[in-house]
Amino acid sequence: VPKPALAAEPAGTRTAAAPQTALAAETAGTRTAAPQEELPGDGWATTRTGAAGPDLDGEAAFADWLDKALRGAPNQAAYGQTYLDSAAAVVRWRRRYRGNPKLWNRLMKDKVVKELIECAPVVAACRDYVDAHTTPVTVVDLCSGKGYLAMLLSELLPKDKVSRIVLVDKAWPLNGQDEPLPHQINWDHIYDYYEDWPITLTTSKQDLKCKSSVRGMKRRILDEAPGDIVVLAVHLCGTLSLKALDLFNSHEKCSFLVLKPCCLPGLVHSKRDEVFVVGDHSFDSKEVCSNGRFKGNVWKGPPRHLIRGKFERWARNLERGAKLRGDGVRRLENITVQTEGGFQNAFIFAEHDVPTAPLWDGLARRGRMPA
């Protein structure tokens, strides 16, 4: 159940940043932040410091470090502007959490750069979809973790076109709980700064594999959403991807889905001779199951290149599992966000009913750009 919302903010128009040149093509020292709020002082126009990490004193030095880290990201032509705007959002996070170094260090670490890169295709698609709509949507971020994606979208989507963003994860504390338990996600970075988020963020403790939990989520979140619902499902492990598709397929308010699968289903499913059924599609679990997965940052399992074929079959079957209404559209895209041996670059986009032209045109345009 999401934490109760505070008083509604005054209505206002929030315009997403207009596309600019990609980072790789920009002139050093002329970088422009997203238009919501200008950076103080020199902002992005700073001499390169050569700083080596995120634990830096000074906003300009931190921005410079983040800039350099993202200049090495793939797909600069397609997502350079998204990297630019996302980096500016993270600088605003740093400003927001100033005076709370413990919280900031817990959020940052080195993972933030990886998250910005892997979220870029989702952020770009969401902006195209939301910008084209005239009535506010609700965004549901499944298996949100700490909420990097939702936090970015709160900064980058137009405020007047999003009712709220709901962060769904079974590791959140229960609504009404005073303090997170040691095994739960600490929500201080969301609720201690509740009124500072441009678009309202709320958390909801839900287990997608529990039928009663899903029924409650549909009743309290989806049914009560004032408009269409955007379902985001990034880094979903194993059969959680099937659950995300079930949610998108079954609820009439769910309009747009982005699914980025992660780990394959475990071998337990193939040992049971299970057949996976999602939407109107079914497939043998033996085609896709594996016993490999990450523990922390360490891969435990067979050599990763040996399961690449299974992952590709998994992604194709998931795409076929999106059961579309009306003239809906779905597409499986291979977008390079993982390098250095990673191959989990599959993104599944699906929309019910009448396709949103700027969304699908944007996907096609970025797909033609060089990686």
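Me: Why does His235 count as partly exposed?
Reply: The relative accessibility of His235 is 23%. Buried means under 20% relative accessible area, exposed means over 50%, and partly exposed lies in between (1.4 Å probe, protein chains only).

Me: What should I know about the model before we go on?
Reply: It is a predicted model, in which local features need pLDDT of at least 70 and side-chain atom pairs count only at pLDDT 80 or more, while totals for chains, interfaces and linings use all residues. Residues are numbered from 1 along each chain as its sequence is written, and side-chain values use heavy atoms, with hydrogens and water left out.

Me: Where does His235 lie, and what is its phi?
Reply: His235 is in strand β4. Helices (H or I, at least four residues) and strands (E, at least two) are DSSP runs, numbered from the N terminus. The phi of His235 is near 65°, a positive value in a residue other than glycine. Most residues other than glycine have a negative phi.

Me: What makes Asn75 count as buried?
Reply: Asn75 has 7% relative accessibility, which is under the 20% limit, so Asn75 counts as buried. Its place is in the loop between α1 and α2. Asn75 also has a positive phi, near 60°.

Me: How do you know that helix α8 is mostly covered?
Reply: Eight of the eleven residues of α8 (residues 240-250) are buried. Among them are Leu240, Leu242, Leu245 and Phe248.

Me: Why can we say that the buried residues of α11 line one face of the helix?
Reply: In α11 (residues 357-367), the buried residues are Leu359, Trp360, Gly362, Leu363 and Arg366. Seen down the axis, they fall within an arc of 155°, so they line one face. That arc is the one of the directions from the helix axis to the C-beta atoms. What covers these residues includes α2 (76-96), α4 (111-131) and β5 (254-261).

Me: Why is the pair of Phe62 and Trp65 called tilted?
Reply: Rings of Phe, Tyr and Trp (its six-membered ring) pair if their centres lie within 6.5 Å; planes under 30 degrees apart count as stacked, over 60 as edge-to-face and the rest as tilted. Phe62 and Trp65 are 5.9 Å centre to centre, with 35° between the planes.

Me: What separates Phe62 and Trp65 along helix α1?
Reply: About one helical turn, because they are three residues apart in α1 (residues 59-71). An α-helix has 3.6 residues a turn, so residues three or four places apart point the same way.

Me: What makes the pair of Phe311 and Phe343 edge-to-face?
Reply: Their ring centres are 5.7 Å apart and their planes stand at 65°, which is over 60, so the pair is edge-to-face. Phe311 lies in helix α10 (residues 308-320) and Phe343 in the loop between β10 (329-334) and β11 (346-351), so the pair ties together parts that are 32 residues apart in sequence. Both Phe311 and Phe343 are buried.

Me: How do you know that the charged end of Arg96 sits over the ring of Trp197?
Reply: A charge sits over a ring if NZ of Lys or CZ of Arg is within 6 Å of the ring centre and within 35 degrees of the ring normal. The charged end of Arg96 is 4.3 Å from the ring centre of Trp197 and sits over that ring. Lys260 lies over the face of Phe347, at 5.6 Å from the ring centre.

Me: What makes β3 and β10 edge strands?
Reply: Two strands pair if DSSP finds at least two bridges between them. Seven strands form an open sheet in the order β3-β2-β1-β4-β5-β11-β10, with mixed pairing. In it, β3 (201-204) and β10 each pair on one side only.

Me: How do you know that β1 and β4 pair?
Reply: Five bridges join β1 (residues 137-142) to β4 (residues 229-236), and the rule asks for at least two, so they pair. The two strands run parallel. One of the bridges has Val139 with Val230 in β4 as its partner.

Note on methods: Contact = heavy atoms within 4.5 Å.
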